[in-house]
Amino acid sequence: MTARIDPDQTPMPIFVLKERYAHIRVPFHAHRRAQLIHVSQGTLTVATRHHQWTIPPQRGVWIAPGSAHRIASATPFTLTTCYVEPERFGTQHQGIVAIDALTQALLPEIADLGADWKTPEAERLVSVLFDRLKALPDPRAGLPIASEGPVARLAKLLLNDPALQDPLSALARRTGLSERTAARHFLSEYGMSFGAWRRQLRLQTALARLGAGVSVTAAAFDVGYKDVSSFITAFRAEYGTSPGQMFRAKT
C-alpha cells in the first residue's frame, strides 16, 4: 500500500501521501527530500529545533531537506504530505504558507497516483503541481523556540502554560533574569518582542484547541485572553480570517 512506501526512495521527483489519523506523535526525524506538510481537516503541530508551527486547514509548512522535525496532534486530522526532490526545492525557506484551492485539489489527486506514475496524464498533473508550488507565497517564520539558555527556561514556562498571566518581570525573576535582560534576549535570540512571542504562542495553542472542536469562546479563555473580541482581533490579524470562518466553529 502507498502508506508503506519510503517517500525518500521513490523514483519520481515528487511524491504525495494522504493519510487520516486519530492522533499522532512522531519524535524528531528527517527526510532526504523537502516536504510540504499540509492539513485539510483538523490541526497539526510541527516543530524543528528552532521553530514551531500549528497548521490549520488550508495551510502548509515547508520543511527543508535534511531538517530534523517532529509532529504532534492529540485530535483527528487529515494530512497530505508532498515530498519533493532537493534540487526542486531550491532556495525555499522553511515556514508556513497559505495553500490555494487549486494546489489543495491537486495534492490528493497526485497522492492517488502512487509512487510510480508514468502516463502522460499523470505527468501533466504533476507539472501543474510543480508550477503551483513555485507560485505559493513566501513562507512565514514560525514561533521561535530555543532548547537551552535563560530565555529557553522562560519560554518553557509559557509553552507549558500559555494562559499564564504573569508579566515579563515576574517570569524573568523565576528564571534568574531581570526584566530588561529577558526583553533583550527575546529580541536578540527570537527576533521579536516578548509580547509578540507570547501572542503568537497563544494563537498557535488556540488553533489546536479550535481544531479539536472547542468553541471560539472556550479557546480564547483557555489560552489566556480575557475577552473574546480581543482574541478574534488578534486571530484575524495573524491569519487573515476569523476563527469561526477558518473552522466553522461554535461560538
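Colleague: Let's start with Thr 81: does this residue count as buried or exposed?
Modeller: Buried means under 20% relative accessible area, exposed means over 50%, and partly exposed is in between (1.4 Å probe, protein chains only). Thr 81 comes out at 3% relative accessibility, so the label is buried.

Colleague: Before we go on, what sort of model is this, and how are its residues numbered?
Modeller: It's a predicted model, where local features need pLDDT of at least 70, side-chain atom pairs count only at pLDDT 80 or more, and totals for chains, interfaces and linings use all residues. Side-chain values use heavy atoms, with hydrogens and water left out, and residues are numbered from 1 along each chain as its sequence is written.

Colleague: OK, which residues is Thr 81 in contact with, leaving aside neighbours within four places in sequence?
Modeller: Thr 81 is found in strand S8. Contact means heavy atoms within 4.5 Å. With those sequence neighbours set aside, the partners of Thr 81 are Phe 15, Val 16, Leu 17, Gln 35, Leu 36 and Ile 37.

Colleague: And in what order do the 5 strands of the open sheet run?
Modeller: Strands here are DSSP runs (E, at least two residues) and helices likewise (H or I, at least four), numbered from the N terminus. Two strands pair if DSSP finds at least two bridges between them. The pairing in this sheet is antiparallel, and the order is S1-S8-S3-S6-S9.

Colleague: Which strands stand at the edges?
Modeller: An edge strand here has a single partner, so one side is left without a neighbour in the sheet. That applies to S1 (14-21) and S9 (95-98).

Colleague: At about what angle to S1 does helix H3 run?
Modeller: Axes are lines fitted to C-alpha atoms, for helices over the stretch in contact, and angles run from 0 to 180 degrees between N-to-C directions. Helix H2 (residues 101-111) lies across S1, S3 (34-41) and S8 (77-84), at about 95 degrees to S1. Helix H3 (residues 120-135) lies across S1, S3, S6 and S8, and its angle to S1 is about 80 degrees.

Colleague: Zooming out, what is the radius of gyration of the protein?
Modeller: The protein has 10 helices and 10 strands. The radius is taken over C-alpha atoms, and the globule rule is 2.2 Å times the number of residues to the power 0.38. For 251 residues that rule gives 18 Å, and the protein is as compact as a globular protein of that length because its own value is close, at 19 Å.
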